[in-house]
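Please look over the sequence and the model below before reading on. The briefing that comes after them is meant for a reader who is new to this structure.

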Amino acid sequence: MRTRTLPAAVATAALFSSVALAAVPAAADTSTPIGVDRVIDTVVDGAHQHLYISSGNVISVADYSGKVVTTLTGLSGVSDLQLSPDGSTLYAAVPGADKIVAFDIATLTQTAEYPTGDRTAPRRIALTEGRIWFGYGDQWESGLGEVDLTTDPAAVTLDLAGDHDFASTPMLYADPANPDTLVALDGGISSGPIVVYDVSSGTPAIRVTANEGGFYRDGALTPDGQSIVVAGPGNRAVTEYRLSDLQEVHEYPVKDEPETVSVAPDGTVAATALDTENTGDTYVFPGGADTPASVRNLSNEWMPWSGHSTTWSADGTQLFVLTGRSGSAQFNVVAEPRKYVTKLTADAPVTATRAKTLTVKGTLAAGLMPPAGTPVSVVRTDMLSPSGKSLGTRALGANGAFSFTDVPPAGGTVRYTVTYAGDAAHTPASASDTVAVSRATPALTLTNNGKVYDYGKNVAFTAHLGTTYSNRTVEIWADPYGADKPKKLLKTGKVDSHGNLSATVNMSRDTAVTAVFKGDSQYGARTVKSTAYAHAKIASSLSKYYRTGTIGSTRYYYFHKKTDAVVTTTMTYYKGRKERLDLQVYSNGKWYTTDSEYFALGTSGKCIVNLGHPGTSGVRARVRAAYIDPSSGDNVNTTTYGAWSYFYFTN
């Protein structure tokens, strides 16, 4: 028996004598990672609120939250665990060392060990007064043995199976409430029976045996010790058999292959199933076999298919379930296992029109349904009620369905949340759905789109906002071209009585300016953009000329025919930027381009280029610098042409 009967047990049937509709505080289930490998067995120590978990070569000692507080190590392939009836000693089967060991619960130190014989490999144990019964061996070499603790030293006896030849190591169960009875399950073969022994004489005698399908996964005795509840074979049910004649008493249906079973001190049966379809893995039968199970889905993986990994707390108020695989095991605590898990759904329209009626529908589902008329509360959350506004309660129909209508006063995303408070027999549940409720589109404009400005000019951008409901605030942002300048909030504020808000931008670069209205409960958010362009700043000068003069109305720089003309350009700098120099010569009344070439700017924006000399007199020429977007290496400014500088070569 893996849990001990307490003096005060709750009558299971009383749970269903009435269904209270008032809300009750709900304890939360928890799931905590726990560093154990494949679980073999789990027993509960109520006095210290510990669980002992055997896996690999270790017994992990965990508290009720799943925190491992210590480990007992050096146990080669430790298997079955049993707590003595007085709670003072933990016994462990250690098949890898051919022995059974005992630990003092108060100190968690080993106090005794009982060798069972070379290559016996004891895996299963059960306790009766003064005796440790153990199942040992492998396949058809299996048997039943005894450690008699009433002798000093303790005496070990093998080959006590009587007339039955076990096909696998027998799984053993005993309970102080029925001290003369030992139950063995032959679980390794389809023809393996349940065998009930009378051990009152100290030597097992078969009282009754029955083949119930073999391949038993797990078992647990009822608190009075008069029945055994068996998981398996894979018949999609957990079955209770009366020990006096092994007649079936109850069948507890589960959807998939049952894996583990545990019985609480009040007789409540809990079981886990393999759950290959991930629809529910943990079953609790609060009202016994004749009422539906409360089903929880504790894991998205298949449930562990070997080992006793489900057990009740000593007082029967919590259920502990270990799920997952090695390296990813989870310790699950079901805080109110006898309550039926409820699931609530809510379905609202995808879209709706503000100030028009919409309908929200939904259902509440549970293994045992609350009665028709049970209320669920409704809350609407929107821009006018960001913390939520109660819409009262709605009553469940006979099939758990509900519906309600509402006229949303605000547009935007509107959330409807439906909550079932739970009751003495059901867990709380909540569900919500959202509706995109339409809002009017506000008028919003922004000046100066597409305009071009001189470098450095301060330009006012004005946003104009049309009719809205409650929000009159506009933001104006500037995003200068170039990766080195971040987007910047220029101004935020309420528009004036004419609906206008202005902000100034210094046009040193092309700039995208946006006006942003974030909307209100009746008008949607809107953003408009205006892109304005800025010229680059360009200045050029010639050097090495000997005088200036005019030809016609144009001013010229005069150079000797063998003196190089040098042009110095200063341009607004940007990383990687180049200027373009255009050189033209005058002939027969027209200007002809002789060269057009790009030159990199220094980090100061300056570039000096030697234009050379013609070696003959009478040559008229002109030169200019230009920034060409994007051929100059970037797109930060708009294309800009500098002024022409005219020069003339003489003797």
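The structure is a predicted model, and the values given for it are computed.

**Strand 54 and its partners**
- Strand 54, which covers residues 645-650, has five of its six residues buried, so it is largely enclosed by the rest of the structure.
- Strand 47 (residues 554-560) pairs with strand 54 in the parallel sense over four bridges, and here Tyr558 stands opposite Tyr648.
- Strand 52 (residues 619-627) pairs with strand 54 in the antiparallel sense over five bridges, with Val623 standing opposite Ser645.

**The largest pocket**
- The largest pocket has a volume of about 580 Å³, and 22 residues line it, of which Arg123, Arg124, Ser168, Thr169 and Met171 lie nearest its centre.
- Sorted by class, its lining consists of seven nonpolar, nine polar and six charged residues.

**Cis peptide bonds**
- The bond from Asp152 to Pro153 is cis, with omega near 0 degrees, and Pro153 sits in the loop between strand 12 (143-148) and strand 13 (155-157).
- The bond from Asp629 to Pro630 is cis, with omega near 5 degrees, and Pro630 belongs to the loop between strand 52 and strand 53 (640-641).

**Positive phi values**
- Arg119, in the loop between strand 9 (109-115) and strand 10 (124-128), has a positive phi near 60 degrees although it is a residue other than glycine; Arg119 is exposed because its relative accessible area of 74% is over 50%.
- Phe215, in the loop between strand 17 (205-211) and strand 18 (218-221), has a positive phi near 45 degrees, and at 45% relative accessibility Phe215 counts as partly exposed.

Technical notes
Residues numbered from 1 in each chain as written. Predicted model: local features only at pLDDT ≥ 70, side-chain atom pairs only at ≥ 80, totals over all residues. Heavy atoms only, no water. Buried < 20%, exposed > 50% of the residue type's maximum accessible area, 1.4 Å probe, protein only. Helix = DSSP H or I, 4+ residues; strand = E, 2+ residues; numbered from the N terminus. Pairing = 2+ DSSP bridges. 1 Å grid on protein atoms, 1.4 Å probe; cavity = no way out; pocket = protein on both sides within 12 Å on 5 of 7 lines; lining within 4 Å. Points joined across faces, edges and corners; volume = space filled by probe spheres on them. Nonpolar A, V, L, I, M, F, W, Y, C, P; charged D, E, K, R; others polar.
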